[in-house]
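Me: I am new to this structure. Please walk me through it in short steps.

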Amino acid sequence: MSRKEDNIKDEDKKVKDQVENAMEEAINEVDQAGDDTEAEDTASDNELSEEERMKEDLQKEKDKFLRLFAEFENYKRRTSKERLELFKTANQEVMTAMLPVMDDFDRAMNEINKSGDENLLKGVELIHNKLRETLKAKGLERMDVEQGSDFDSEIHEAITQIPAPSEDLKGKIVDVVEPGYKLGERIIRYPKVVTGK
């Protein structure tokens, strides 16, 4: 179990303890207020103001309890969302470590295509496809970036700029040096691109 999961469990336990303590205090104060009002049944002005004060105190404690309960519900919602995110990206380190292997496979495929050896190409292609599909089943997705696409600094990493080979490539992607990958919705490697100026 990771440190983050341990921290979430510890925080969850602390908040639960706080809610239970607040609930016990509120119940005790309600009981005490009820006992006090039963003991004071005489109808003088002082007793009425005492009863009103007790009702106000009771209302404050109820309000305090409701706020604490709402805070606890928000905390539960937030931690469950964090847990889901943690489970979705738990294998991020493994996937990041596999990216250079995918890059090497892509380079090998390009070189084998140039050699023209059909049997070798088929064998390496089978392994390459199997690895790619296995990683895709675990949530890894290659980002589609092509020459001529608009450059977006939020999702692309520009490693250099070169004079644009044509007017329509100015400010656009001229070449993709290294593909980018997403794990679920999170980008784990930004595509490295060359832009035209």
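Reply: One definition to start: two strands pair if DSSP finds at least two bridges between them. Keep in mind that the model is predicted.

Me: Which residue in E4 is the bridge partner of Arg142?
Reply: E1 and strand E4 (residues 181-183) pair in the antiparallel sense, over 3 bridges. Arg142 falls within strand E1 (140-142). Its bridge partner in E4 is Tyr181.

Me: What is the order of the strands in the open sheet?
Reply: The open sheet has 3 strands, with antiparallel pairing. Strand E1 (140-142) and strand E5 (186-189) each pair on one side only, so they are the edge strands. From one strand to the next, the twist averages 35°. The order is E1-E4-E5.

Me: Which helix packs on the sheet?
Reply: The helix touches E1, E4 and E5. Its direction makes about 55° with that of E5. It spans residues 92-115 and is helix H3.

Me: How many helices and strands are there in the chain?
Reply: Read along the sequence, the pattern is α-α-α-α-β-β-β-β-β-β. That gives 4 helices and 6 strands.

Me: Are the rings of Phe65 and Phe69 stacked or edge-to-face?
Reply: A search of the whole structure finds 1 aromatic pair. It is formed by Phe65 and Phe69, with 6.3 Å centre to centre and 25° between the planes. Planes under 30 degrees apart count as stacked, over 60 as edge-to-face. The pair is therefore stacked.

Me: Which helix holds both Phe65 and Phe69?
Reply: The two residues lie 4 residues apart. That is about one turn of the helix. The helix covers residues 45-88 and is H2.

Me: Why does Phe69 count as partly exposed?
Reply: Buried means under 20% relative accessible area, and exposed means over 50%. Phe65, at 26%, is partly exposed. Phe69 is partly exposed too, because its relative accessibility is 39%.

Me: Which residues are closest to the centre of the largest pocket?
Reply: About 270 Å³ of space lies in this pocket. H3 and strand E3 (173-178) each supply at least two residues of its lining. The lining has 15 residues, and the closest to the centre are Arg142, Val176, Val177, Glu178 and Pro179.

Me: Among contacts between residues at least 6 apart in sequence, what share joins residues at least 24 apart?
Reply: The chain has 197 residues, and buried residues make up 25% of them. For the contacts in question, the share is 66%.

How values were computed:
Residues numbered from 1 in each chain as written. Predicted model: local features only at pLDDT ≥ 70, side-chain atom pairs only at ≥ 80, totals over all residues. Heavy atoms only, no water. Phe/Tyr/Trp six-rings, centres within 6.5 Å; stacked < 30°, edge-to-face > 60°. Buried < 20%, exposed > 50% of the residue type's maximum accessible area, 1.4 Å probe, protein only. Axes fitted to C-alpha atoms, helices over the stretch in contact; angles between N-to-C directions. Contact = heavy atoms within 4.5 Å. 1 Å grid on protein atoms, 1.4 Å probe; cavity = no way out; pocket = protein on both sides within 12 Å on 5 of 7 lines; lining within 4 Å. Points joined across faces, edges and corners; volume = space filled by probe spheres on them.
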